[in-house]
Amino acid sequence: MIAENVKHLKEKIAAKCADFKRNPQNIKLVAVSKFFGLDAINEVNKLGITDFGENRAQELRDKYEILGDNVTWHFIGTLQKNKVKYAVKAATYIHSVDSATLASEINTQAQKLNKVQKILLEVKTSSEDSKSGLTTESELLELVNHCSTLQNLELVGLMTMAAFTDDIEIIRKSFIELRNLRDKINQNGFDLRELSMGMTNDYEIAIEEGATMLRIGSAIFGQRDTTKDWRQS
């Protein structure tokens with residue numbers, strides 16, 4: 001099933017890129033592997049996907065202890081200050097930075113490892129209460145400037161989650177907003193390249209609007225069984 005899912009997904013991404021004259025090589029496919037076990041991750045990896053996203057710091061820590069740097073890890077969930085050390089040790093990218101306090105703690109933990117941590121700032125582009133992130137342009141610019149003072153951080157882009165809706169235009173509006181914010185920041189002398197946006201239900205719209213990172217879970221792995229620990233799956 002996973003092999004068929006990956007083949008179908010790659011075909012759809014390639015077709016959408018062709019329609020919009022984009023190079024699929026410029027889009028990083030991040031397989032969201034939360035709740036899925038090592039067998040599933042290894043199978044996906046053998047199919048040519050090298051980037052994996054985790055939402056929970058301790059699960060990332062434990063999977064990293066086994067798989068290490070055989071794959072590229074992305075931390076994409078809400079990150080608590082006391083769990084930052086786990087994410088920094090394992091993840092090449094942390095997508096969900098939304099405060100100066102969190103950015104500073106990531107910098108501190110990265111210094112301890114003599115590492116430059118790649119991060120993205122999370123922006124709230126929908127009105128859903130379940131979504132989190134920075135909510136104003138001024139707030140975002142202030143955090144961008146703060147990150148530029150931290151030597152062990154490399155700010156590479158922005159991340160968002162669109163509303164969970166069938167209304168394509170509402171989804172599109174979120175992605176356009178993120179792209180426009182990235183472009184405004186770059187006009188101020190920065191060089192943010194990454195737009196982490198698009199999941200299983202809306203990745204094609206995200207490609208249309210310039211996504212460089214897609215965070216895809218169920219379209220690769222199938223539906224999660226959240227009642228099981230990942231070690232049982």
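A disulfide is a pair of cysteine sulfur atoms within 2.5 Å. These legends describe a predicted model, in which local features need pLDDT of at least 70, side-chain atom pairs count only at pLDDT 80 or more, and totals for chains, interfaces and linings use all residues. Residues are numbered from 1 along each chain as its sequence is written, and side-chain values use heavy atoms, with hydrogens and water left out.

View 1. How many disulfides does a search of the whole structure find? The search finds zero. C17 has a relative accessibility of 1%, so C17 counts as buried (under 20% relative accessible area; exposed means over 50%, and partly exposed lies in between, with a 1.4 Å probe and protein chains only). C147 is buried too, with a relative accessible area of 3%.

View 2. Helices (H or I, at least four residues) and strands (E, at least two) are DSSP runs, numbered from the N terminus. Helix α6 spans residues 137-147, and its buried residues are L140, L143, V144 and C147. They cover an arc of only 105 degrees around the axis, so they sit on the same side of α6. The arc is that of the directions from the helix axis to the C-beta atoms. Exposed residues S138 and E142 are on the face turned away from the buried side of α6. What do the buried residues of α6 pack against? Their partners are the strands β4 (93-97), β5 (117-122) and β6 (153-159), together with the helices α5 (100-112) and α7 (168-187). Contact here means heavy atoms within 4.5 Å.

**View 3. The two faces of helix α2.** Helix α2 covers residues 38-46, with L38, A40, I41 and V44 buried. Their arc around the axis is only 160 degrees, which puts them on the same side of α2. D39 and K46 are exposed, on the face of α2 turned away from its buried side. The buried residues pack against the helices α1 (2-19), α3 (57-67) and α9 (218-221), and against the strands β1 (28-32), β2 (51-54) and β3 (72-75). Just after α2 comes G48, with a positive phi of about 100 degrees.

**View 4. Where α2 meets α3.** The axes of α2 and α3 are 12 Å apart, and the helices pack at an angle of about 60 degrees. Axes are lines fitted to C-alpha atoms, for helices over the stretch in contact, and angles run from 0 to 180 degrees between N-to-C directions. The two helices are therefore oblique to each other. Angles under 35 degrees count as roughly parallel, over 145 as roughly antiparallel, 65 to 115 as roughly perpendicular, and the rest as oblique. On α2, the contact is made by L38, I41 and N42; on α3, by K63, I66 and L67.

View 5. Most residues other than glycine have a negative phi. F35 is not a glycine, yet its phi is positive, at about 75 degrees. F35 lies in the loop between β1 and α2. Is F35 buried or exposed? At 16% relative accessibility, F35 counts as buried. N114 is also a residue other than glycine with a positive phi, near 55 degrees. N114 is in the loop between α5 and β5. N114 counts as exposed, at 71% relative accessibility.

**View 6. T227 and T125.** T227 lies in the segment after α9. At 70% relative accessibility, T227 counts as exposed. T227 and T125 are 102 residues apart in sequence, and their C-alpha atoms are 30 Å apart in space.
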